[in-house]
Structure formats: C-alpha cells, structure tokens
Amino acid sequence: MLAGGSNLVVSDEGFPGTVVEVATTGVRADHEGDDPTCGGVIVTVAAGEPWDPFVAQAVERQWVGLEALSGIPGSVGATPIQNVGAYGQEVSQTLASVRVWDRRLRGHRSFAAADCGFGYRTSRFKADPGRHVVLSVTYQLRQGSLGGPVAYAELARTLGVELGERAALADVRRAVLALRGGKGMVLDPADHDTWSAGSFFTNPVVEPAVVPAGAPSWPQPDGRAKTSAAWLIEHAGFGKGYGDGPARLSTKHTLALTNRGDATTGDLLALAREVRDGVEQRFGIRLVNEPVLVGCSL
Ligand SMILES: Cc1cc2nc3c(=O)[nH]c(=O)nc-3n(C[C@H](O)[C@H](O)[C@H](O)COP(=O)(O)OP(=O)(O)OC[C@H]3O[C@@H](n4cnc5c(N)ncnc54)[C@H](O)[C@@H]3O)c2cc1C
C-alpha cells in the first residue's frame, strides 16, 4: 500500500509485487453549523486526500484540533497508521473512526478510535502490517477561531503564549510551518536538507532511570519516560550535517537522515546503523526507525 510515500524507505532492489497507490478523494462534513450551541463538526475524508491541504481547509473553516499538524507530508489515510503527531497534537486526539477493508476477513470494518490501538507513533494498523486498507478517516472537531491548548513548549514560545493557552488557528498553522521550515521539514526541491523521510528515529520510551542526565524527559502514562532521540544522537557525537557520503544528517536537524542528491537506500541505512549503534554504545538505548522499511532492514 503506497500513499504519499513520505514514510517509506524502499530497498534498492525494489519490491517484488504489486503496489497499490491510494488516490481516492473527497472531504465530507456533517452537521457543520447545524446547531451553533453544539459547536462541532464530523468530517469524513477519503484516504487518498493529501493531508496538508486538508489541514489548511480545517484551519480556514475554523475546525479545531489539526492546526499543529500543519506541514506534514502524505495522505489522510496514512495518518492513523502511525498516529501522526507533531508539536503537541496527534491525530488520535481528534480521530473518531477509521473505515478499512480487512484483507484477511475480506470485508469492510469500522474501528472507533478506542479500538485503533493508538500509542506513540503506532496503532493496530501498524502492528498488523498489510492487513488493513484504510479507506476513509472520520474526525470529530470542535469549531472556533482559537486552536487547541498549545502543548509544546517551542510552539508556545514562538506564539508568545504560555503552555496550555490558545492562539488563533491561523497563527498556529503559520508558526508550525515556520518552525518546520527552519528544521528542513518542509520539502524544497532545491534544498537537500529537506530530502528525507522526516524523523528517522522515534523518541525512545524507557525507564526514567535510563534517561541520561541532562536529556529531556517527558513522563508517560505508564510510568516510563520519553526522551529525545535528537538529543541522544547529538550527544553521541553525531552533530548536524554529520557524514561525508551521499547520505548525511541534515544540517538543520539531527533526526533527519538526508539524501544529498544521489544516495541509495544502502547509503542511507549504513548511516542509520552507524548512528543507532553509536547511540547504543554511548547510552545503552537502542533507537528504532520511524519510517516503514520495505524489503530492507536496519
Ligand atoms: C519531511 C517530513 C516530515 C515529516 N514529519 C512528520 C511528523 O511531524 N509527524 C509524523 O507523525 N510523521 C511525519 N512524517 C512522516 C510521514 O509524513 C507520515 O507518516 C505520513 O502520514 C505518511 O503518509 P504517506 O501518505 O506518505 O504514507 P506512505 O509513506 O505512502 O505510507 C506509510 C505507511 O502507511 C501505509 N499506508 C499508507 N496509506 C495507507 C492506507 N490507505 N491504508 C493502509 N495503509 C496505508 C503504507 O503501506 C506504509 O506502511 C514526515 C515525513 C517527512 C518526509
């Protein structure tokens, strides 16, 4: 299953099978404005709709809850796969249900959000690869001119608000796009720093005692702590721009492994292994890749 391809690393040998590209379109909003006291909208979006134009539309129509997810490449249908998230929001916070084709049972199924197995960059769909074809995603969004409470310190600083305060939807989108641009996370064909699969490693979730002194530590509901993969990489000796081959760390963001023009998947994975092994030797924490690897492994 291929959508935007922005979270895939495919083997240099290719894929020996049929690739299905999801290209369905359509955004349907129910109940919008029916009852001004209710103030909510239920929006069902075809899997193939590109994500960021949908976020732009949500901001424009004053639908609240997706604004911090501005600028993420790819399709709507891929967002439940790894519970796409950024800058303090995750789709699991606003997603109501996912309609799929179950290739094993050969039938349609609908999963309410509570049954999607959402966690940090994971879901039941990611855990059971190849089984579910996401057909459409339904979001339940509040209506209003202010975004959700800002839950990410860097974004709050940029907006000039306190954590937990709100800012105008359009301002949040603008601020997120600017922050992402500064980290090379918005594709620019002229800038090799943006030729990446986004963050190559997820932030590790470990026992609190394992988090190195000085590293960020965000408490998790299960008592463990999430720390910053970017911090670990940098402090293991892999600074911005690390590498001298065709695949190097971005000069703007250590978490992005970038193609400087003619890198192969082999080049990229060699760099990823070097970084992963270096972090493990230094801190005893093994980083895990975020993009889906097709026909290859780390
Ligand atoms: C520059 C950059 C920045 C990024 N920033 C972020 C970020 O901030 N946060 C974040 O969470 N992610 C981020 N990503 C990762 C990526 O954009 C998201 O994971 C996105 O949702 C992938 O969408 P896609 O349509 O490109 O999926 P693809 O890469 O085509 O597919 C990804 C996976 O989903 C499966 N899939 C796709 N569509 C369907 C479907 N309809 N049914 C079943 N399976 C399907 C594919 O088989 C594959 O396993 C970033 C990527 C890049 C390149």
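These notebook entries record what I looked up about the ligand and the aromatic rings of this structure.

**Entry 1: the model.** I worked with a predicted model, in which local features need pLDDT of at least 70, side-chain atom pairs count only at pLDDT 80 or more, and totals for chains, interfaces and linings use all residues. Residues are numbered from 1 along each chain as its sequence is written, and side-chain values use heavy atoms, with hydrogens and water left out.

**Entry 2: the ligand.** I first asked how many residues surround the ligand. There are 31, and the closest are Met1, Gly5, Ser6, Gly85 and Arg180; a residue is near a molecule if one of its heavy atoms lies within 4 Å of it. By class, I noted 17 nonpolar, 11 polar and 3 charged residues in this shell. Here Ala, Val, Leu, Ile, Met, Phe, Trp, Tyr, Cys and Pro count as nonpolar, Asp, Glu, Lys and Arg as charged, and the others, Gly among them, as polar.

I then looked up backbone atoms beside the ligand. A backbone N or O atom of Pro73 lies 2.9 Å from a ligand oxygen atom, and a polar backbone atom of Ser75 is 2.8 Å from an oxygen atom of the ligand. At Val134, a polar backbone atom is 2.8 Å from a nitrogen atom of the ligand. Taken alone, the ligand exposes 980 Å², of which the protein buries 92% (Shrake-Rupley method, 1.4 Å probe). Strand 5 (85-86), strand 9 (132-143) and strand 10 (196-199) are the elements that give two or more residues to the shell; strands are DSSP runs of E, at least two residues, and helices runs of H or I, at least four, numbered from the N terminus.

**Entry 3: aromatic rings.** I counted rings of Phe, Tyr and Trp (its six-membered ring) as a pair if their centres lie within 6.5 Å, with planes under 30 degrees apart stacked, over 60 edge-to-face and the rest tilted. The count comes to 8 aromatic pairs. Tyr87 and Tyr152 are edge-to-face, because their ring centres are 5.1 Å apart and their planes stand at 70 degrees. Tyr87 lies in the loop between strand 5 and strand 6 (89-90) and Tyr152 in the loop between strand 9 and helix 3 (153-159), so the pair ties together parts 65 residues apart in sequence.

Is Tyr87 buried or exposed? Tyr87 is buried, at 9% relative accessible area, whereas Tyr152 is partly exposed at 32% (buried is under 20%, exposed over 50%, partly exposed in between; 1.4 Å probe, protein chains only). I also recorded that Trp51, Phe54 and Tyr139 form one aromatic cluster.

Note on methods: A polar contact is a pair of N or O atoms within 3.5 Å; within protein, one must be able to donate a hydrogen and the other to accept it, and residues adjacent in sequence count only if both atoms are side-chain atoms.
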